[in-house]
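Visitor: Take one part of this model and look at it closely for me. I want residues, contacts and cut-offs, please.

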Amino acid sequence: MDDLYIMGYSEAVLRILSSRTVESSCASLTPYLKPGLRVLDVGCGPGSISVGLAQATAPGELRGIDIEPPQVELAVQAPAERGLGNAEFSVADVQAMPFEDGWFDVVHCGDLLAFVPETGAALREIRRVLKPGGVLFCREIIMDSFLIHPDPHPQLLARGYAVFADLLEADDGHPQMGKELGGHLELAGFADIRVSAAFDVFSGPERLKLMYDLGNQWYFTPDVAAPAAQYGVATNAMIDEIRQARNIWYRSPGALAAFAYGEALAVRP
């Protein structure tokens, strides 16, 4: 895989990333967001969650980092559109961040650890930049939780999603990170770890089209077919069968798709 982010940055992916907010993606963190705090958004993407964190902690400082320069360029625009002056963004690697020890009160880390090969290195670096008593919130996908209805050919579409998980694992990622968070946080030295879960649901015309477009712009392209064949997780014939079943699913009354995220709150001792 050439992309640092295995799903790439198609228009549909960007729509999904940009639709995420504090309310939809880290509501359990909001009780810890107070005016004047220093907050770090790790893997900020286009900054849609970052601006909510900045608003909740103004006049405190929000710093967002992402390893992809185009994402940082998008994130810079987000606070400007809302008239926020307390948010700054930069290109940086979560495993080697340009911040002082104990600088932040809160760190938000969403949909990132599944794609970072060295989980421990990333969490230890996050722990380093958190002050004692600082709060970390993580939200990560659980890929074997995928639900879809209807599945025109039993388990075929579910198997299609499992191909994505297999590709991520072959690329040194962690497709079940959402249910592994507690153990990783404990090993990295965090305390008061509280783990929960929530579903991300795609139903109704707008959300269904978003999922459908994602497949057209990423899953059913050579970017997936070639490595799927290389790693032996799917053949071109299988992917074509999945495509046909998916077209039937999309046009079926009451169609929906959903998958779970593991969420964890933890404290640096």
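Guide: Start with the largest nonpolar core. It has 66 residues, and Leu-40, Met-97, Ile-126, Leu-136 and Phe-190 touch the most other members. A nonpolar core here is a set of buried Ala, Val, Leu, Ile, Met, Phe, Trp, Tyr and Cys residues joined through side-chain atoms within 4.5 Å. Buried means under 20% relative accessible area, exposed means over 50%, and partly exposed lies in between (1.4 Å probe, protein chains only).

The model is predicted: local features need pLDDT of at least 70, side-chain atom pairs count only at pLDDT 80 or more, and totals for chains, interfaces and linings use all residues. Residues are numbered from 1 along each chain as its sequence is written, and side-chain values use heavy atoms, with hydrogens and water left out.

Helix H6 (residues 156-170) gives the largest share of this core, 8 residues. Helices (H or I, at least four residues) and strands (E, at least two) are DSSP runs, numbered from the N terminus. A second, separate core has 23 residues, among them Val-22, Cys-26, Leu-84 and Val-267.

Now take Phe-190. Leaving out residues up to four places away in sequence, Phe-190 touches Leu-123, Ile-126, Arg-127, Leu-130, Leu-136, Leu-185, Ala-266, Val-267, Arg-268 and Pro-269. Contact means heavy atoms within 4.5 Å.

Met-177, Gly-178, Leu-181 and Leu-185 are its buried residues. Looking down the axis of H7, they fall within an arc of 85°, so they line one face of the helix. The arc is that of the directions from the helix axis to the C-beta atoms. An α-helix has 3.6 residues a turn, so residues three or four places apart point the same way. Lys-179, Glu-186 and Leu-187 are exposed on the other side of H7. The buried residues of H7 pack against helix H5 (119-129) and strands E5 (130-149), E6 (191-203) and E7 (256-267). After H7 comes Gly-189, with a positive phi near 95°.

Leu-136 in E5 stands opposite Val-107. That brings in strand E4 (residues 104-110), where 7 of 7 residues are buried. E4 and E5 run parallel, joined by 6 bridges. Two strands pair if DSSP finds at least two bridges between them. Strand E1 (residues 38-42) also runs parallel to E4, with 4 bridges. There, Val-39 has Val-106 as its bridge partner. E4, H5 and E5 form a right-handed β-α-β unit. Right-handed means that, with the strands pointing away from the viewer, the path from the first strand over the helix to the second runs clockwise.

Last, the cysteines. The whole structure holds 0 disulfides. A disulfide is a pair of cysteine sulfur atoms within 2.5 Å. For Cys-44, the nearest cysteine sulfur, that of Cys-109, is 12 Å away. Cys-44 is buried, at 7% relative accessible area. The sulfur of Cys-138 lies 4.6 Å from its closest cysteine sulfur, in Cys-109, too far for a bond. Cys-138 is buried too, at 0%.
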